[in-house]
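Good morning. I will take a few minutes to walk through one protein model.

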Amino acid sequence: MRIVLDQVSKVYNSAQPNEVVALERVSLAIDKGEMVCLEGPSGSGKTTLLSILGCVIAPTGGSASIGDKKIARLPDHFRTSYRRQLVGFVFQHFNLLEERSLLENVTLPLYPLGVSPRVRRERALPLLQRLGIDHRRDFPVRQLSGGERQRAAIARALINDPPLLIADEPTAHLDRPLAGEIMDIFAALKAEGRTVIIASHDPLVVTHPAVTRRLALHGGRLLADPPGQR
Ligand SMILES: Nc1ncnc2c1ncn2[C@@H]1O[C@H](COP(=O)(O)OP(=O)(O)OP(=O)(O)O)[C@@H](O)[C@H]1O
Ligand SMILES: [Mg+2]
């Protein structure tokens with residue numbers, strides 16, 4: 001499942017005084033089984049680019065495809081459907097439901113698929129155990145720590161076994177041993193032939209041996225030669 005972006009742009013608040021050109025003519029191709037690390041300063045467009053790749057938002061210009069699916073100009077319900085089928089997305093700010101339990105949040109992607117409560121639980125528990133948060137499964141998210149929320153967001157992204165995993169600063173709230181554990185999980189997904197795309201500045205992520213390619217954004221443009229490219 002190859003991902004291709006051709007001259008993709010994203011303008012927020014187009015033609016208004018608060019217009020922002022967040023991405024400018026970004027072209028790239030990512031092969032199945034790659035693990036790509038996306039770097040760039042705050043405001044350079046990383047989250048915007050990940051959101052387009054993850055079928056969360058549509059670009060305002062250019063074309064984009066995941067495998068044989070064109071994703072740039074889709075009605076919202078198709079984009080949502082592709083996202084559910086193809087993508088696990090770890091949001092930078094988690095996007096968890098504060099009043100719902102950890103277990104409900106993590107199993108949320110299974111609801112539209114009609115998976116029974118028993119199977120939802122069976123799928124979630126090993127994942128929560130692996131991430132060290134199973135003892136919090138019945139806690140409402142508002143009672144969780146930053147690192148626990150981060151792990152909840154990661155567990156939710158993995159519950160569907162997605163072919164494409166996109167993670168926006170997934171280790172920002174984690175201590176080093178936990179960050180290493182997360183990278184091991186991502187590397188294992190990559191080893192299974194899944195595609196992993198991570199926005200991060202964390203040296204532990206950036207220099208991880210499983211990373212196949214580093215990309216850098218600056219002012220909404222992809223740099224030809226990212227700093228520190230191996
Ligand atoms: N929904 C939005 N409406 C208007 N402007 C936006 C919106 N989302 C992002 N922007 C703007 O687009 C630019 C790129 O934002 P983006 O969140 O993609 O950057 P980023 O590289 O992820 O930054 P950070 O490292 O701080 O997370 C920023 O200038 C931001 O203010
Ligand atoms: Mg961001």
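First, the ground rules. This is a predicted model, in which local features need pLDDT of at least 70, side-chain atom pairs count only at pLDDT 80 or more, and totals for chains, interfaces and linings use all residues. Residues are numbered from 1 along each chain as its sequence is written, while chains are lettered from A and ligands numbered from 1 in the order in which they are written.

The protein has seven helices and ten strands. Here helices (H or I, at least four residues) and strands (E, at least two) are DSSP runs, numbered from the N terminus. The C-alpha trace spans about 45 × 40 × 35 Å along its principal axes. For 230 residues, a compact globule would have a radius of gyration near 17 Å, and the protein agrees with its 17 Å. That radius is taken over C-alpha atoms, and the globule rule is 2.2 Å times the number of residues to the power 0.38.

Of the 230 residues, 41% count as buried. Buried means that 20 or more other C-beta atoms lie within 10 Å of a residue's own; exposed means 12 or fewer, and partly exposed is in between, with C-beta atoms placed from the backbone.

Now helix α5, residues 146-158. Its 13 residues should span 18 Å at 1.5 Å a residue, and the end C-alpha atoms are 19 Å apart, which agrees. The expected span is 1.5 Å times one less than the number of residues. Eleven of the 13 residues are buried, so α5 is largely enclosed by the rest of the structure. Its buried residues pack against β6, α3, α4, β7 and α6. Contact here means C-beta atoms, placed from the backbone, within 7 Å.

What about α1? Eight of its eight residues are buried, so α1 too is largely enclosed by the rest of the structure. This helix also gives the largest share of the shell around ligand 1, three residues. In total 13 residues surround ligand 1, the closest being Tyr-12, Ser-42, Lys-46, Thr-47 and Thr-48. A residue counts as near if its C-beta atom, placed from the backbone, lies within 6 Å. By class, the shell has three nonpolar, nine polar and one charged residues. Ala, Val, Leu, Ile, Met, Phe, Trp, Tyr, Cys and Pro count as nonpolar, Asp, Glu, Lys and Arg as charged, and the others, Gly among them, as polar.

Which residues touch the most other members of the largest nonpolar core? Of its 63 residues, they are Leu-38, Ala-152, Ile-166 and Ile-197. The largest share of this core, six residues, comes from α5. Such a core is a set of buried Ala, Val, Leu, Ile, Met, Phe, Trp, Tyr and Cys residues joined through C-beta atoms within 7 Å.

Last, single residues. Most residues other than glycine have a negative phi. Cys-55, in the loop between α1 and β4, has a positive phi, near 60 degrees, and is buried, with 25 C-beta neighbours inside 10 Å. Arg-25 lies in strand β2; its phi is positive too, near 45 degrees, but with 14 C-beta neighbours inside 10 Å Arg-25 counts as partly exposed. Ala-58 is in the loop between α1 and β4 and touches Ala-72, Arg-73, Leu-74 and Arg-79, not counting residues up to four places away in sequence.

Key
Contact = placed C-beta atoms within 7 Å.
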